[in-house]
Structures are given as structure tokens and as C-alpha cells.
Amino acid sequence: MSADIVDLPGGFGRIRECRHGRMIFNPHDVYVGRSLDVYGEYSEAEAAFLRFIVRPGDTVVEAGANIGALTVVLAQAAGPTGWVVAYEPQRIAFQMLCTNIMLGGFANVEARPTAAGAEPGSITVPQLDPTKPNNFGGLELGGAHPGLTVAVETIDALELPRCRLIKADVEGMESAVLAGAAQTIARHRPFLYLENDRRDHSPALIRHVLSLGYRAWWHLPVYYNPQNFRAVAENLFPGEGAFNILCAPREINISVSAQEIQAEDSWPVP
């Protein structure tokens with residue numbers, strides 16, 4: 001085993017030096033953890049895109065931060081005069097998120113062990129076995145599954161004085177996040193960067209975004225980066241990546257070299 005690997009008691013916590021600093025992750029996580037372990041980074045194409053949007057001093061909200069693989073990127077981009085609010089309702093993922101914030105020395109991140117939604121309330125979060133392989137970043141909340149009851153908060157309740165970006169990766173609950181951020185969106189007109197990988201949910205989400213007076217474009221970052229931090233040539237995720245949409249207020253004059261979404265039944269062209 002490499003000398004830079006620290007495996008913690010319990011069998012589901014590993015610390016290694018990565019592209020964006022020293023990070024803790026679950027090596028049993030089949031996407032985020034495996035990427036950090038093998039490549040020393042996760043979805044670097046997405047990270048680079050976020051760095052392009054976020055500037056020093058910006059305020060960012062991230063719903064569904066997971067262990068913070070991209071939270072640390074947002075924190076670095078916003079800088080010490082910026083502010084990042086990161087929601088993560090999974091208990092162990094939240095604990096790793098907080099650890100990664102501390103390992104990176106970020107004083108500009110507010111981590112919240114809650115879900116962002118349309119209105120205040122609560123939701124059931126299934127408790128996955130952290131010692132078994134799983135996609136811990138792809139967990140759906142609610143439903144009839146047993147689990148811990150976790151608070152749901154709205155982004156509007158933060159009463160942010162400014163907001164540059166709202167990022168949401170919440171497994172089909174992106175529209176609910178937007179509904180709970182209606183006042184923030186109307187007041188500050190932030191960019192929106194939303195996961196949209198469920199074709200059955202996509203029309204409603206696109207319809208919601210367009211109704212806010214926004215334009216939207218597909219953004220499809222692949223997971224594998226040939227110039228990855230550990231210089232590993234093997235692509236463990238061939239043909240795999242994220243289905244996201246970038247959304248910008250119509251009043252902004254912006255040119256994006258990507259497929260623009262014109263109708264709610266849009267789906268990215270291969």
C-alpha cells in the first residue's frame with residue numbers, strides 16, 4: 001500500500017493527498033471514493049467548469065455536497081472573502097464533508113447536516129452500510145425506506161445578501177431546491193448548475209428553470225481526466241459522466257458553446 005494512504009479504523013475512511021488537497025473518502029464508494037483513490041480527483045472537468053463560474057468573494061450554495069469533493073473546489077474559487085453553504089443530509093458523508101473542509105483549512109464554508117427543499121420539514125435518509133460497495137453520492141431520499149429523520153431547509157431561509165451560484169445534485173429533487181430558493185433567485189439572479197440525469201424528471205425541471213426567466217445549456221463532464229493527479233492511464237469509467245445543465249438569467253448577455261435547451265423535452269445530442 002502506498003505510503004501516502006492512511007486507512008482509519010472501521011474500514012470505510014481513507015485519507016490521501018489529492019489534487020485539491022488532503023482528503024478523506026470512502027474507498028467503497030464506486031464513483032467519488034474510487035475516483036479520489038485511483039486518480040486523486042473527482043470529475044475534474046466539472047471542477048474546472050465551476051472554477052470558471054465562481055470568482056473570489058462570491059457566495060455559493062451547494063445542495064447535495066456529499067463528502068465535499070467539489071465543495072473544496074468552490075471554497076478555493078470563492079476565496080477567503082467568499083462564502084460557501086453546503087447541504088449534506090447523509091450522516092457519514094456529512095462528517096467526511098466537515099473533515100475535508102478542515103483538512104483544507106477553509107474558514108469560508110458553512111456545512112449544514114440537512115437537505116435543501118421546497119419548504120421546511122423533514123425527510124427520511126436511508127442509512128447505507130459504509131463498509132459495502134455502493135454509490136453513496138447517488139442516494140435517493142424519502143420514500144418508504146427506513147432511516148434517520150433529517151431536517152429539510154429552504155435556501156431562502158438563509159437570507160443571503162448576495163448569491164453567485166446555486167449548485168444542486170440531489171437525485172431528482174432539483175426542482176424542490178429551486179422552489180425553496182425562489183426569493184433568492186428573484187433577488188440575486190444567480191447562475192444555476194443542476195444535475196439533470198433522470199429523463200422522467202427532466203421536463204419538469206427544464207420547465208421550472210425556463211419559467212424563472214433563465215436560459216439553459218447541457219453540460220456533460222466526463223469522469224475520467226487523462227491528465228489526472230496520479231497520472232493513471234486506465235479509464236475506469238469509459239463513457240460515463242454527469243448530465244448537468246447550466247442556467248443563466250436571460251438578462252445576461254452570455255455565449256455558451258454547448259447545446260442550448262429550447263424546450264422541456266430536450267435531451268442532449270450524443
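Two strands pair if DSSP finds at least two bridges between them. In this predicted model, strand E13 pairs in that sense with strand E12, to which six bridges join it, and with strand E11, over four bridges.

- Strands of a sheet pair through backbone hydrogen bonds, either parallel or antiparallel.
- E12 (residues 214–219) and E13 (residues 244–249) run antiparallel.
- Within this pairing, Ala-216 has Cys-247 of E13 as its bridge partner, and His-219 stands opposite Asn-244.
- E11 also pairs with E13 in the antiparallel sense, and here the bridge partner of Glu-195 is Asn-244.

**Glu-195, a buried charged residue**

- Glu-195 lies in strand E11, which covers residues 191–195.
- Although buried, Glu-195 forms no salt bridge.
- The nearest side chain of opposite charge is that of Arg-198, 5.3 Å away, whereas a salt bridge requires a separation within 4 Å.
- Leaving aside residues up to four places away in sequence, Glu-195 touches Ala-168, Asp-169, Val-170, Glu-171, Glu-174, Leu-205, Phe-243 and Asn-244.

**The sheet of E7, E9 and E8**

- Three strands form an open sheet in the order E7-E9-E8, with mixed pairing.
- Its edge strands, E7 (115–116) and E8 (121–125), each pair on one side only.
- E7 and E9 (residues 148–153) run parallel and are joined by two bridges.
- Ala-115 has Val-152 of E9 as its bridge partner.

**Nonpolar cores**

- The largest nonpolar core contains 45 residues.
- The residues with the most contacts inside this core are Leu-36, Val-54, Ile-67, Leu-74, Val-109 and Leu-165.
- A second, separate core has 28 residues, including Ala-63, Ile-155, Leu-158 and Trp-267.
- Val-109 touches Thr-71, Ala-75, Trp-83, Val-84, Ala-86 and Ile-101, not counting residues up to four places away in sequence.

**Aromatic rings**

- The count of aromatic pairs comes to nine.
- Ring pairs link Tyr-31, Tyr-39, Tyr-42, Tyr-223, Tyr-224 and Phe-237 into a cluster.

**Residues with positive phi**

- Most residues other than glycine have a negative phi.
- Ser-43, which is not a glycine, has a positive phi of about 45°.
- Ser-43 is placed in the loop between helix H1 (32–39) and helix H2 (44–53).
- Ser-43 counts as buried because its relative accessibility is 1%, and the cut-off for buried is under 20%.
- Glu-159 also has a positive phi, near 50°.
- Glu-159 is found in the loop between E9 and strand E10 (165–168).
- Glu-159 is exposed, with a relative accessible area of 65%, as the cut-off for exposed is over 50%.

Definitions and conventions
Residues numbered from 1 in each chain as written. Predicted model: local features only at pLDDT ≥ 70, side-chain atom pairs only at ≥ 80, totals over all residues. Heavy atoms only, no water. Core = buried A, V, L, I, M, F, W, Y, C linked by side-chain atoms within 4.5 Å. Buried < 20%, exposed > 50% of the residue type's maximum accessible area, 1.4 Å probe, protein only. Contact = heavy atoms within 4.5 Å. Lys, Arg positive; Asp, Glu negative; His and termini not counted. Phe/Tyr/Trp six-rings, centres within 6.5 Å; stacked < 30°, edge-to-face > 60°.
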